[in-house]
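Try each task before reading its solution.

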Amino acid sequence: MKTIVITGTRKGIGKALAENYLAAGWKVVGCSRGESSIAHEHYQHFVLDVSDEDAVVAMARQIKASHGSVDALLNNAGIASMNHALLTPVSTVNRILQTNVVGTFLFCREMAKLMRRTKNGRIINFTTVAHPLNLEGEAIYAASKAAVESLTRILARELAELKITVNAIGPTPIETDLIRGVPQAKMDALLARQAVRRMGTVKDVINAVDFYLREESDFITGQVLYLGGVC
Amino acid sequence: MPNRTSIEALILESVQMLAEDFELDALKNPSTDTSLYCEGGALDSMALVNLIADIEEALAKKFDVSIALADEKAMSARNSPYRSVSSLTDAVIERMPA
């Protein structure tokens, strides 16, 4: 039975991904700042802040003890804040960078150590179409995800020798808490910039994740796949 | 707190296991003076990354301590702590919680 680590599993895409891979027969290890919202015999939950190095290292140690190794990591946890740059407090900037960049890095680092022996590890990071589309009001969020993309490409090279692939998925807007509060007119304008003009679904994300996870995808690394025809 | 001999034994065991994984003949029978990551040492950068991760894992498992051997102090040290089994042992002892 393979083990997949998914960050941010309490709600939204992370929860749906966890439930999907549990149903598909994986052991899932999830985490979030809050208590677990998933009850399943093959699900293990950690309450932590993904940017807390000590907590992430401790989680990795516990996974090593209970599971031995990790086959895949989905760095789903992320936060956004939509605001004009001139009205964005530095506390918000730090919060977004800590969760999206530091958190992603820490999980890549610690879980890659647990993938070394499997010789077929998969890391999938989450970016956003807000980066290639240069969306106004999302300067810090998009910048944090630009960092995640850079991290993805460089880690792909650094971890290739360990047979770990590192790729990213950039979903379009999906009905989750992350985009709650975005005005409809803004959402319509964003959809108009996609080749396929509809909201994304969790199924679209799972399809892309499945592609990266496939054993045959071991020749695919350092790639960023935007959904909805954004490029 | 573990003594120097037990830490040294743990590092030697980690080096031996790595030597088997990476087929490094020069490290199959290591001693405290064996050169690791230095001029003439047997480790390349990827093998070193693996060795450090192995030692950190083994320390956690055997002695229940969480130590980061690849910290800023190690990176900026004039003499790399990764150059030999002996210097790695010093680095672990320095970082052991009081």
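This is a predicted model: local features need pLDDT of at least 70, side-chain atom pairs count only at pLDDT 80 or more; totals for chains, interfaces and linings use all residues.

**Exercise 1.** Work out the secondary structure of chain B and decide what its radius of gyration says about its overall form.

*Solution.* 
- Next, get the extents. Along the principal axes, the C-alpha atoms of chain B fill a box of roughly 35 × 30 × 20 Å.
- Now the check: for 98 residues, a compact globule would have a radius of gyration near 13 Å, and chain B comes out at 12 Å, which agrees.
- For the contacts in chain B between residues at least 6 apart in sequence, 62% join residues at least 24 apart.
- As for burial, 30% of the 98 residues of chain B count as buried.

**Exercise 2.** Which residues of helix α4 in chain B are buried, and what do they pack against?

*Solution.* 
- Count neighbours first: a residue is buried if 20 or more other C-beta atoms lie within 10 Å of its own. In α4 of chain B (residues 85–95), that picks out B:L88, B:T89, B:A91 and B:V92.
- Then look down the axis of α4(B): the buried residues fall within an arc of 160°, so they line one face of the helix.
- Finally, find the partners. The buried residues of α4(B) pack against α1 (4–22), α2 (45–63) and α3 (72–76) of chain B.

**Exercise 3.** Find the strand order of the sheet in chain A and say which strands stand at the edges.

*Solution.* 
- Trace the pairing: seven strands of chain A form an open, parallel sheet in the order β3-β2-β1-β4-β5-β6-β7.
- Read off the ends. β3 (43–47) and β7 (224–226) of chain A each have a single partner strand, so one side of each is left without a neighbour in the sheet.
- From one strand to the next, the twist averages 15°.
- Zoom in on one pair: β1 (residues 3–7) and β2 (residues 27–32) of chain A pair in the parallel sense over five bridges. One to click on is A:I4, whose bridge partner in β2(A) is A:V28.
- Helix α2 (residues 53–67) of chain A lies across β1, β2 and β3 of chain A, at about 160° to β2(A). Helix α4 (residues 139–160) of chain A touches β5 (121–126), β6 (164–170) and β7 of chain A, and its direction makes about 165° with that of β6(A).

**Exercise 4.** How many residues of chain B are in contact with chain A?

*Solution.* 
- Six residues of chain B are in contact with six residues of chain A.
- Sorting the chain B side gives three nonpolar, two polar and one charged.

Key:
Residues are numbered from 1 along each chain as its sequence is written. Chains are lettered from A and ligands numbered from 1 in the order in which they are written. Helices (H or I, at least four residues) and strands (E, at least two) are DSSP runs, numbered from the N terminus. The radius of gyration is taken over C-alpha atoms; the globule rule is 2.2 Å times the number of residues to the power 0.38. A residue is buried if 20 or more other C-beta atoms lie within 10 Å of its own, exposed if 12 or fewer, and partly exposed in between; C-beta atoms are placed from the backbone. Two residues are in contact if their C-beta atoms, placed from the backbone, lie within 7 Å. The arc is that of the directions from the helix axis to the C-beta atoms. Ala, Val, Leu, Ile, Met, Phe, Trp, Tyr, Cys and Pro count as nonpolar, Asp, Glu, Lys and Arg as charged, and the others, Gly among them, as polar. Two strands pair if DSSP finds at least two bridges between them. Axes are lines fitted to C-alpha atoms, for helices over the stretch in contact, and angles run from 0 to 180 degrees between N-to-C directions.
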